[in-house]
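Hi everyone, thanks for coming. I'd like to walk you through some side-chain contacts today, so please have a look at the model first.

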Amino acid sequence: MEKEYNKTIKQICMLLQSEPTTEVIQGLREAFENLSKQLKAGPFLEVFETTLSNIPFAALFSLLAAPDNRLVAIVAEVTSQLLKPVTWAMVHQTFEEYIIQGLDHPHPVVKCLVLDQFLKCDRDTEPFSPQYSQHIWMCLESKNDTDATKLAKKVLEHLCAVGMATDYLLTGESIKAMRQVLGSGGESQRFRVYDVVAAASARSDAIFEILRQEGIIDMLLKESSADDVLVLMNFYELLPTMCASPASFEYLDNAGIFVDALACIDKAEGDSSVTGSLLRVAGLKLFSQMVDTGGVRPGPFLEKYPIAPRLGQMLLATEASGELTTTAINCLGAIGNNADALEYLAKEKTALAALASVYDRSIGQLRVECMQAVACIFGHSASPSKSASQACYELYERLADGKLLASLVKEIMKGFEESCVAGLAVIQKMTLHAWGVREIASHQNAINYLLMRDSSRGRLVQQWQFAAIESMAKSEQAVVEFDAATLAQIQKYVRDGPYYVSTAPQVALGSS
């Protein structure tokens, strides 16, 4: 008995030989819809081979120029399915002339079909045509974000990642296309290009230098003087990516970008408008992210641009909005998550003192934010240096008048998931430090509570509880600080896993 997909393929072949009347186009739509379902139902290889034995790719690509959008869409879908097992090298070799036509096609489905093929190109030794690049750049041109523009950006970033930028994406014609896209649209269109520019320049100093010489970097830097707060926010988001090397950071630093950003934060002080709030938040996030960029030495950067004292002042300001206080806490946690930056904070003192002050007076969500920041700081490294670990201990001593562990256990005992997770996260990060294990071991009621299982806490809390105990067990300090009986309990807890349920009754113990 003849298989259904064979009937469908024969029907398509017959219709392809007919005049393109309304009835024929309708018939092709229905036949390709059936073929799409049959390809998905399988067996794929069998349907794949039979289809291409009777309907060559050239015929499929010719249908993508049909005047009927619904036919174009379904043919593109079928073509996409048929191209799945085809390598990039084969796509390039067989369909080079169709690739450019597809990139310039007015129908977004066809653009996406072709753009998807570039994601298969995963080595800089793959065959490639310099003519492709300018057409890919032009796919970024659109007033609104669409599937095609998003995919084009993804493709360009992917090709940069596999080493195609210098030889193909930054040719003279490609640079012209970039300039055309930058000059012909609004903010969204420009920043699609800038997103790729940032990703590309982060790959190597050579790429950054090409973009600088072509004036693209300076075009991007001009966005820093925009009156539109959203433009400025988008600009700030790109800077950490672009500062991947000392050379790129030095160029941006010499351009006065960070001086202006700090001034922008100061200028917005006291501005209670939405614009003022957005500017301060964006500026604070920029500086907190800069400490982790490859081209920046955190200590000297924080000395030159004293954001830490400003964070401290914001935390202590009673008139500060809840959002601003939360942002300041989060930024301080992000900065302290870098070991070199943490050592600077320990010397600077005021910002960490302010964090301790806010922790002591905080309740509810603000307390959770503080615990999350403390966890970031304590957990800056799985193997902290002596000086950085000492900085963490000094913060520990400041928090809750030196009774942080008891405070954390009280937060966990409240039973709210977010508080439980945040409190357990701090304890887990404490175990990365010798002093942390020592502190936990010196509070027997606290360790007893941590070892007590309660399935009603929820799986996420149980996971974090297990993570804290497991980290404790792995610490070299555990055998020094815990007595044999407690250490055996800790090791058994780890062996039993996070969700073990004991049949023996347990009695809750208070915290100390």
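**Rings, charges and cysteines**

Let me start with Tyr305, which counts as buried because its relative accessibility is 3%; here buried means under 20% relative accessible area, exposed means over 50%, and partly exposed is in between, with a 1.4 Å probe and protein chains only. Before going further: this is a predicted model, where local features need pLDDT of at least 70 and side-chain atom pairs count only at pLDDT 80 or more, while totals for chains, interfaces and linings use all residues. Residues are numbered from 1 along each chain as its sequence is written, and side-chain values use heavy atoms, with hydrogens and water left out.

How many aromatic pairs does a search of the whole structure find? The search gives 27. Rings of Phe, Tyr and Trp (its six-membered ring) pair if their centres lie within 6.5 Å; planes under 30 degrees apart are stacked, over 60 edge-to-face, and the rest tilted. Take Phe258 and Phe301: the ring centres are 5.7 Å apart and the planes stand at 85°, so this pair is edge-to-face. Phe258 belongs to helix α17 (residues 257–267) and Phe301 to helix α19 (residues 298–304), so the pair ties together parts 43 residues apart in sequence. Helices here are DSSP runs (H or I, at least four residues), as strands are (E, at least two), numbered from the N terminus. Phe258 and Phe301 are both buried.

Now back to Tyr305. The rings of Phe287 and Tyr305 have centres 6.1 Å apart and planes at 45°, so that pair is tilted. Phe287 sits in helix α18 (residues 274–290), while Tyr305 is in the loop between α19 and α20 (307–316), and the two are 18 residues apart. Phe287 is buried too, at 0% relative accessibility. Elsewhere, ring pairs link Trp88, Phe118, Phe128, Tyr132 and Tyr168 into a cluster.

Rings also meet charges. The charged end of Arg453 sits over the ring of Tyr493, 3.7 Å from the ring centre, and Arg459 lies over the face of Tyr499, at 3.8 Å from the centre. For this, NZ of Lys or CZ of Arg must be within 6 Å of the ring centre and within 35 degrees of the ring normal.

On to salt bridges, meaning a side-chain nitrogen of Lys or Arg within 4 Å of a carboxyl oxygen of Asp or Glu. The structure holds 17 of them. One joins Arg29 and Asp68, at 3.0 Å from N to O. This pair links distant parts of the chain, with Arg29 in helix α2 (residues 22–41) and Asp68 in the loop between α4 (57–63) and α5 (69–83), 39 residues apart. Are these two partners buried or exposed? Both Arg29 and Asp68 are buried.

Compare Glu157 and Lys153, whose closest N and O atoms are 3.9 Å apart. Both lie in helix α9 (residues 147–161), four residues apart, about one turn of the helix. Glu157 is partly exposed at 26%, and Lys153 is partly exposed at 21%. Shared partners join Lys153, Glu157 and Asp195 into one salt-bridge network.

Last, the cysteines. With a disulfide defined as two cysteine sulfur atoms within 2.5 Å, the count is zero. Cys264 has its nearest cysteine sulfur, that of Cys331, 14 Å away. For Cys392, the closest is in Cys376, at 11 Å, so that is too far for a bond. Cys264 is buried at 15%, and Cys392 is buried at 0%.
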